[in-house]
Amino acid sequence: MTENYEVVVVGGGAAGLSAALVLGRARRHTLVVDAGEPRNAPAAHMQGYLSRDGMSPADFLAAGREEIARYGVELVRDRVADVAEGFTVDLASGRTVRARRLVIATGLKDELPAVPGLAERFGRDVLHCPYCHGWEVRDQAFGVLATTPMSVHQALIVSQWSKDVSFFLHTVAEQELSDDDLRRLAAAGVRVVPGEVSGLVTRDDRLTGVRLTDGTTHDREVLFVAPRAVPQTDLLRRLGAELRETPFGAYPVVDETGLTSVPGVWSAGNATGFAEQVVNAAAGGYRAGATINGELLMTDLDAAVAAVRV
Ligand SMILES: Cc1cc2nc3c(=O)[nH]c(=O)nc-3n(C[C@H](O)[C@H](O)[C@H](O)COP(=O)(O)OP(=O)(O)OC[C@H]3O[C@@H](n4cnc5c(N)ncnc54)[C@H](O)[C@@H]3O)c2cc1C
């Protein structure tokens, strides 16, 4: 038998759990389906979330799961494989449920450049976000691995946390940098290092250097890199949601509450934008959850009023 929920939340990261919390507290029959692969899983700590600064991402999500359970929200470790209008939600385990409203909070995946050793060190001393990790590695010897000419921005930003920054051009040609880029890099004291990076040098499981294909190595303690963001928008595409192209992937067009172009489907967190940090993702989920509650209430009241009039 197909079970009916008022709301199914796809994704149990900060965005999905936050939507579920407000929905549960509003007495909405809610199911969270979570595949259990949050974006910040490689990191040991989560920074910049007021009152939770430094908490482990796993503990943060465990606390969120416990909070939603208090209000009767169900959470299953499963993956939504398909959704159809109406909404029918098929889980990978074979279970099918129905929902009146959906929250798609499926996050994004980080695709790292194919440099040997990079993926293993991601979230430790290979980093993408100075706001997440910059304070902890301040004043160390930084490298920045260019992947596109836009990496200049990353090299400039991280110079706020260390005055010892080498910008490895890797696959970017020096001619691709504008005169303004070069002037700003010089003003920030960032060294530009041409040549392709072939690998990392480590000692005692710590980054100690960056190796170029010409055989030279550069002593570095931290390497910043901008992964390619791959928003997890398959389900939104299946539902026919309108997407907008950005330099960081294609994200759904949403209003200020997270409502997509598909009536009844909201989205929140990294599924809606590359720059959403944990605190923003939680806020987006909350907004979506509260809006859905109000919208369901008005829909049902309008139906009741119409039924009396007939
Ligand atoms: C290494 C690293 C460190 C970071 N450090 C910080 C930090 O210190 N501070 C900070 O604010 N931000 C940090 N971030 C960013 C942070 O990870 C994101 O802001 C946050 O995870 C976004 O939350 P979300 O709920 O949108 O997505 P996620 O946390 O990624 O959660 C999405 C969930 O949806 C699930 N899912 C996906 N598809 C499906 C499906 N089809 N069916 C069911 N479930 C599905 C996933 O498995 C996942 O559990 C960091 C990111 C990285 C990569």
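Asp139 is exposed, at a relative accessible area of 65% (exposed means over 50%, buried under 20%, partly exposed in between, with a 1.4 Å probe and protein chains only). The residue sits in the loop between helix 4 (130–133) and strand 9 (142–145), where helices (H or I, at least four residues) and strands (E, at least two) are DSSP runs numbered from the N terminus. Asp139 has a positive phi of about 70° and is not a glycine. Most residues other than glycine have a negative phi.

Arg27, in the loop between helix 1 and strand 2, also has a positive phi, about 65°. Arg27 counts as exposed because its relative accessibility is 76%.

## Basis of the model

This is a predicted model, in which local features need pLDDT of at least 70 and side-chain atom pairs count only at pLDDT 80 or more, while totals for chains, interfaces and linings use all residues. Residues are numbered from 1 along each chain as its sequence is written, and side-chain values use heavy atoms, with hydrogens and water left out.

## Helix 2

The buried residues of helix 2 are Pro57, Phe60, Leu61, Gly64 and Ile68. Seen down the helix axis, they fall within an arc of 90° (taken from the directions from the axis to the C-beta atoms), so they line one face of helix 2. Their cover includes helix 1 (14–25), strand 2 (30–34), strand 3 (74–77) and helix 8 (278–309).

## A cis peptide bond

Gly86 and Phe87 are joined by a cis peptide bond, with omega about 5°. Phe87 belongs to the loop between strand 4 (80–84) and strand 5 (88–91).

Terms used. Contact = heavy atoms within 4.5 Å.
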